[in-house]
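Work through the exercises below with the sequence and the model side by side, trying each task before reading its solution.

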Amino acid sequence: MSNDRPGKVRMMQGNQACAEGAIAAGCRFFAGYPITPSSEIAENLSVMLPRLGGKFIQMEDEMAAMGAIIGAALTGQKSMTATSGPGFSLKQENIGYAGMAEVPCVIVNVMRGGPSTGMPTLPAQMDVQQARWGAHGDRGVIALTAKSAQETYEQTIRAFNLAEKFMTPVILLIDEITGHTTEKVIIPDASDIEIVHRKKPDEDPENYLPYRLTDECVPILAPFGTGYRYNVTGLCHNETGFPTNDSHDIQCLIERLTRKIEMYEDDIIRNNELMLEDAEIGVFAYGSVARTAQAVVRMCREEGIKVGLLEPKVLWPFPAKAVFAMAQKVRAIVVPELNLGQMAREVSLASECRVPVHKLGRVDGRPIPPQQLVEKIREVV
Amino acid sequence: MDRYDVRLSGSGGQGLILAGKILAEAAAIYDGRNAVQTQSYGPEARGGASKAEVVIKDGEIDYPKAMDLDLLLSLTQESCTKYSGDLKEDGIMIVDSEIVKYPPEGSFKLYAAPITSIAANKIGKIVVTNIVALGILSKIAGVVTEESMRKAILARVPKGTEEINMKAFDEGWKTGEELLAE
Amino acid sequence: MFDYLQYVRQENFPHIWCSGCGDGIVLKALIRSMDKLGLSQDETVMVSGIGCSSRTPGYVDINTLHTTHGRALAFATGVKIANPDLNVIVVTGDGDATAIGGNHFIHAARRNIDLTVLLYNNYIYGMTGGQCSPTTPRGAYASTAQHGNLEPPFNISGLAIAAGASFVARGDVYNVKKLETLIGKALQKKGFSLVEVVSPCPTAFGRRNRMARPVKMMEQLRDTVVSVEKWEKMTDEERKGKFRTGILKDIEKPEFTAEYAKLIEKMRPEE
């Protein structure tokens with residue numbers, strides 16, 4: 001199943017592309033728990049990892065899987081877990097821990113319908129706000145998305161790169177459609193893939209501070225076992241990594257956890273724009289729904305309605321600047337999504353009331369077909 | 001070529017998702033076009049109405065699910081009733097003649113053959129029903145080359161079952177020829 | 001006199017434990033065991049959850065990981081599998097390991113992964129203020145069992161044995177030399193090894209159960225502990241109100257990371 005041939009075209013489903021991307025990014029540790037519709041990621045990696053000397057383990061529950069990847073990451077491994085809605089809820093506790101302790105790791109959520117057990121086999125995009133605010137406490141969050149198997153491959157690699165660069169858990173949100181759609185993926189030559197590794201300390205152990213305050217705002221955590229003995233905790237801590245109750249230290253820490261993502265927003269955020277230059281109606285769509293939107297832009301243009309698409313590849317940090325720019329150009333924005341307006345809310349905020357923002361929320365476990373979005377746009381026009 | 005939308009429907013466990021993957025790979029890998037395969041199934045591993053869809057196109061495929069169907073295969077009455085609404089007026093419907101007793105009325109072309117029985121009696125293994133169906137539909141649809149279908153099947157079926165699957169495909173292809181001649 | 005300073009983080013003292021708490025005794029016994037076995041401080045990782053016992057890592061100068069409530073074994077499993085060369089010690093408590101972390105506890109034991117678990121059993125949630133735990137005796141008082149605890153307690157060692165641990169021992173903070181020996185054996189064991197350490201909590205448990213004086217709790221330990229050897233010869237009547245300490249199980253069975261190493265070897269493509 002693994003593949004080392006350069007530029008090879010293969011047919012695979014999004015979930016397999018995710019596994020392939022993880023391997024390409026250097027992931028050598030996966031811990032998971034079975035859950036539809038993400039299980040193929042675990043299944044593929046259970047085959048691939050041991051062949052590469054990597055480790056795969058099916059843990060006893062979702063919390064354990066999240067804990068295990070954090071433990072593995074602290075030994076210097078690139079580690080990942082994959083889940084879906086209910087499991088994502090369970091993982092939040094330790095996702096928050098990884099955010100607080102600044103441990104790089106990747107969490108893939110193949111979104112299905114909720115709330116609760118909801119629709120195990122059917123697609124949704126109902127976890128996009130949970131990805132931002134699911135764990136308690138304030139901190140910056142990076143969450144990526146993908147609309148095809150190819151993008152899932154690429155975004156999985158990027159998720160690892162961002163995690164290593166910013167020392168933070170990175171979430172990849174795809175949905176059941178993307179996870180289970182089999183299509184062509186071009187696997188590039190390994191030498192053409194950009195791979196980022198976390199920084200190593202350049203001072204000796206005596207002078208090492210794991211959470212040293214620097215202008216970069218990103219700590220350098222030495223892998224366990226390399227002679228740098230320090231403490232990692234989910235409690236508020238100071239530069240040493242030990243718990244603190246000092247108000248100044250705590251204020252610094254919590255502000256930095258948000259700032260270290262905010263200050264790099266322009267590096268992190270990526271958008272795809274389609275025919276936005278002269279658009280009168282702007283569509284904001286992400287994940288599998290962006291494919292519907294692409295079709296709709298063309299269909300509407302044929303009808304003479306000038307529609308353009310803003311498709312974020314990164315949901316968090318939210319691409320507020322791009323939305324604001326679009327809001328200054330178009331007459332109205334339409335946000336189709338497989339929830340009842342979770343990102344439409346962000347779009348409204350970011351557009352600062354310049355134009356009306358229309359929601360198109362579908363929550364019956366069915367994708368939004370092009371015709372439904374075309375009708376919505378006609379109605380808006 | 002514009003989109004060619006195919007839906008393979010039946011009940012869970014009939015191997016239709018595998019059939020969809022084979023059809024998509026035949027088109028995309030071996031015929032060098034684009035193809036996207038998606039699926040929809042219930043929470044259960046067996047039974048229920050299940051479908052696999054394949055969209056074949058020369059250019060980029062945006063919306064991945066089948067929309068206006070060029071071809072519908074139905075191996076159960078339930079799936080035929082549930083999933084036939086999107087079939088184009090000049091589309092193709094292929095059904096298992098012994099199981100789908102009441103195909104919907106319409107101007108589409110209907111081809112009926114005892115697909116499951118062919119697998120069970122002529123090949124001797126009911127599990128190859130999906131491959132028999134692929135033989136029939138690829139002959140009738142003519143959208144994927146025969147050679148590519150054979151390659152795609154051989155690449156996907158378990159080792160040691162190549163011969164019986166080829167036999168199933170041959171039998172399906174032959175049935176397709178007969179249906180076209182009628 | 002044994003020099004502890006090499007192993008402790010002096011800057012973090014004084015510790016947070018109350019006077020009369022047994023946790024410091026366990027810490028010292030652990031340090032002496034580590035020293036005796038010559039465990040490298042750089043290559044040893046201590047993982048803990050939440051609670052009084054779980055504050056232990058803060059005082060030991062090794063790689064330390066203070067995690068979320070109940071999840072220490074999950075984190076430790078990740079550390080150990082990712083780098084099997086590291087010695088991984090888990091420090092946890094009765095509430096942390098058998099209530100909120102109960103699932104991780106039985107599965108780590110079942111998996112027989114090479115972790116050494118020191119479980120401080122003080123029959124109570126000390127840090128949060130004396131709520132009853134899965135090992136609070138029936139009838140004992142706790143801040144959430146002010147009319148007396150209605151629930152029967154877990155036998156933690158029995159639970160670990162039933163779940164498949166390859167080494168299970170019970171010690172106590174009164175019989176310190178014995179405790180040190182048990183910890184040493186657990187550290188040497190390749191496989192999931194548990195030392196359940198009975199450690200009194202005068203503040204949260206004793207004060208509610210007519211044992212407010214630490215000395216009284218220690219005396220009670222002295223009077224109720226029986227060695228496994230002696231236990232075998234006692235009648236059921238004599239065993240009443242007592243508990244046994246010593247090695248309760250010590251067997252050889254396949255260890256997870258060793259089995260995984262074999263799998264990787266098997267998968268290695270032929271040159």
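Helices (H or I, at least four residues) and strands (E, at least two) are DSSP runs, numbered from the N terminus. The model is a predicted one, in which local features need pLDDT of at least 70 and side-chain atom pairs count only at pLDDT 80 or more, while totals for chains, interfaces and linings use all residues. Residues are numbered from 1 along each chain as its sequence is written, chains are lettered from A in the order in which they are written, and side-chain values use heavy atoms, with hydrogens and water left out.

**Exercise 1.** Find helix H4 of chain C, decide how covered it is, and describe what comes just after it.

Solution. Begin with the helix, which spans residues 102–111 of chain C and has 7 of its 10 residues buried (under 20% relative accessible area, against over 50% for exposed and partly exposed in between, with a 1.4 Å probe and protein chains only). Next, pick out the buried positions, among them C:Phe105, C:Ala108 and C:Arg111. Finally, step past the end of H4(C), where C:Asn112 takes a positive phi of about 50°.

**Exercise 2.** Describe how chain C meets chain A.

Solution. Start with the contacts, which involve 38 residues of chain C and 37 residues of chain A. The buried area (the accessible area, with a 1.4 Å probe, that two parts lose on being put together, summed over both) is about 3,100 Å², of which carbon and sulfur atoms give 59%. In chain C, the residues that lose the most area to chain A are C:His66, C:Phe75 and C:Tyr260, together 17% of what that side buries. Now count the salt bridges (a side-chain nitrogen of Lys or Arg within 4 Å of a carboxyl oxygen of Asp or Glu), of which there are 4; C:Arg111 and A:Glu60 meet in a salt bridge at 2.8 Å, N to O. H2(C) gives the most to the side of chain C that touches chain A, with 7 residues.

**Exercise 3.** Describe how chain B meets chain A.

Solution. Here 24 residues of chain B are in contact with 23 residues of chain A, and the area buried is about 1,800 Å², with 56% from carbon and sulfur atoms. B:Tyr41, B:Asp62 and B:Tyr63 supply 33% of the area that chain B buries against chain A, more than any other three residues. The count is 1 salt bridge, and B:Asp62 meets A:Arg298 in a salt bridge at 3.0 Å, N to O.

Key:
Contact = heavy atoms within 4.5 Å.
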